[in-house]
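Please look over the sequence and the model below before reading on.

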Amino acid sequence: MAGSADLSLLRAEAHSPSYFSLLRGASGLQGAPVDFCIPCNPYFPTPEMFDVLQRNITTILKYYPSDTGPITSQLCSILGLKSQTVVMGNGSTELITWIDHLLVKESLAIPIPTFGRWTDQPLETGKRVDMFRLPEAQGFALDVESYVRFVRARGSRVAVICNPNNPDGGYLPRRQVIQLLDELAGLDLVIVDESFIDFVDCEPEPSVADEAAIRHNVIVLKSLGKNFGLHGIRFGYLVANPALAGTVRRMLPKWNLNSFAESVIFMLGEHMHDYQRSLRLLAADRRSMFQQLSALPGLTVFPSQGNFIMVRLPDGKDGRALRDYLFSEHNVFVRECGNKLGSTSAFLRLVVRPQQDVQRLVDGMQAFLLAGGPDAGVPARRAVSAYQAPAGPAPAAYSPPAAPYQPAAPAAYSPPPAAPAAYPPPAAPAAYSPPAAPAAYQPAAPAAYSPPPAAPAGYEMPATVAAPSYRTSPYQEESYIMPATRDREPVDHLDAPQAHPAGQRVGASPPARRGEPAAHRTGSAGSAGHRAASAASAAPAASTASTASARPAENRSGAGGRSAGRAQIRSDGRRAEGSATVASAAYLGEASGRSSGRRPSYERAEAPPAADRHEDPFVVGGDDPRHGRLDPLDTSTIIFDNNTGPFSAVSDAIRGYRAGSS
């Protein structure tokens, strides 16, 4: 026995344990286990690439990576893709998760056995998963017509295929995949998981990513970690039309890729020939490994286009027992498929590795299969109906070693050299340069545009243009005076003026002020005299004309008096000769209506003669009797005292009109 190990780690419910868990639990084993469980590329990255990463480890770990934009652009420039159709994720599993949340609404169809996240993820979010069982008798090959009928019969809205499929490695040729896309064009979404497509060597252009970029409901998923054998970096991408790609891209974090992923992507341009060479080496190893496994007694081997091969143990042999035996006795770690839907413990998935590692695996399996029991002397392998043996020379007959197999002790481990203290930051790849904006682009102003000509210096508004509404005179021919409501009496000092002695200007008395003498509150003495004096100083001729006649005594009492006083104004709105009042016929009609109880009639007043027409009755100093309260204050009649405090420039005794001004 090579050592002790914690075999409970191998009995995970859904997935195999991580390699780090195995290292922590395999302290009794001689060296690290040989991993036939996790799909990898043993020939890429190259040792030179690992040396660059090791020298730059301090910088990679210490500084933030770029956001996803420039990393995606660099990958697209290498692979010949358009960046608006590509979304990069922190591993293909992150993209599967977002596709399920955003684009799978109710149901999903998937052939089984397959990659576990395509069944587990939608089940975890409450979707219906319609599982199409791949027949073992046909080598787990997918029949397109049968799958299409299944999807339509179940009413699935999303369909998924993995090509090559995991864990059997079955491959559907490109023409059949396009046929499937055409048949399912009416679904919400069709997903083609091409995580292992780079390992296909049976046709030169197996991917349908170019079709996904132009179809309305197709997504192609790819895994760089599986292709490069760098699962720890966690980077994958999808290809779809710009609308679908944008839907997923908007939900991803801005920095969802790490510095290791960025470093490898920018190194990839200089090492694509190394990557292509690694794929050819791995294809050769796959053919050789297939032949060696086929020589084992009772083992069924399924053809594969991935970087793994699935086998079925003979009846009576359990895959879990073989897994534990290989791990504890030969320090070999394999994937037993009993926890995959559509599979059993009789199936194992074995990763393609170089010849020396495969020999170690074959020796352990040979010992287990020939260890007595009903399996002794079984045929070398059972035929698989869909299997076609790959071209190539037949392997030499296998003979087990004379002595029991003892794994060679690994060379003494020495830690990698530490990065130099003064390590300079890595230079950017020589071939990469950010795109520059076009030098010749300048937004031009419209050719036909010219600013409007300026108004001439002597321009005046035409006489025919109507004045603004707020400057319109009530005497204009088309003016309309809004009457007071019938149930409200007019304010006294806004009503028609009372009669005054000759020499006084006719007008309404101002509102009473607190503390004024009684004479100040009337419209007969001080206020009338003050207004008459003010009007006389502003326009002597007009003042004399306006006070030529006195109003009859009966005009000073009641509504009847007000009505009689207004009788001096003609119904056509013109001023009666010698009259002291100018008013419109509409105003007379309203006043008469109040006094008599009749409904007042409202007519438009005809404009007075030009000599009597004012530009604006609201201008200070106007002759409109309704607005006599707006006459200017004659400061010549006001006495200022020595009190200059705020709001006290005029003494309280003379705050109103002077009593002796009349």
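This is a predicted model: local features need pLDDT of at least 70, side-chain atom pairs count only at pLDDT 80 or more; totals for chains, interfaces and linings use all residues.

Residues are numbered from 1 along each chain as its sequence is written, and side-chain values use heavy atoms, with hydrogens and water left out.

The helices discussed here (DSSP runs of H or I, at least four residues, numbered from the N terminus) are listed with their residues.

| Helix | Residues |
|---|---|
| Helix 4 | 68–79 |
| Helix 5 | 92–103 |
| Helix 12 | 259–268 |

The axes of helix 4 and helix 12 come within 9 Å and cross at roughly 30°, the axes being lines fitted to C-alpha atoms over the stretch in contact, with angles from 0 to 180 degrees between N-to-C directions. Helix 4 is therefore roughly parallel to helix 12, a term for angles under 35 degrees. Pro70, Ile71, Gln74, Leu75 and Ile78 of helix 4 meet Glu262, Ile265, Phe266 and Leu268 of helix 12, where contact means heavy atoms within 4.5 Å.

Buried residues (under 20% relative accessible area, 1.4 Å probe, protein chains only) of helix 5 include Leu95, Ile96, Ile99 and Asp100.

Serine 343 lies in the loop between strand 11 (332–336) and strand 12 (347–351), strands being DSSP runs of E, at least two residues. With a relative accessible area of 15%, serine 343 is buried, and its side chain reaches the backbone oxygen of cysteine 337 at 3.2 Å. Beyond its neighbours within four places in sequence, serine 343 is in contact with Pro113, Cys337 and Gly338.

Technical notes. Buried means under 20% relative accessible area, exposed over 50%, partly exposed in between (1.4 Å probe, protein chains only). A polar contact is a pair of N or O atoms within 3.5 Å; within protein, one must be able to donate a hydrogen and the other to accept it, and residues adjacent in sequence count only if both atoms are side-chain atoms. The expected span of a helix is 1.5 Å times one less than its number of residues. Angles under 35 degrees count as roughly parallel, over 145 as roughly antiparallel, 65 to 115 as roughly perpendicular and the rest as oblique.
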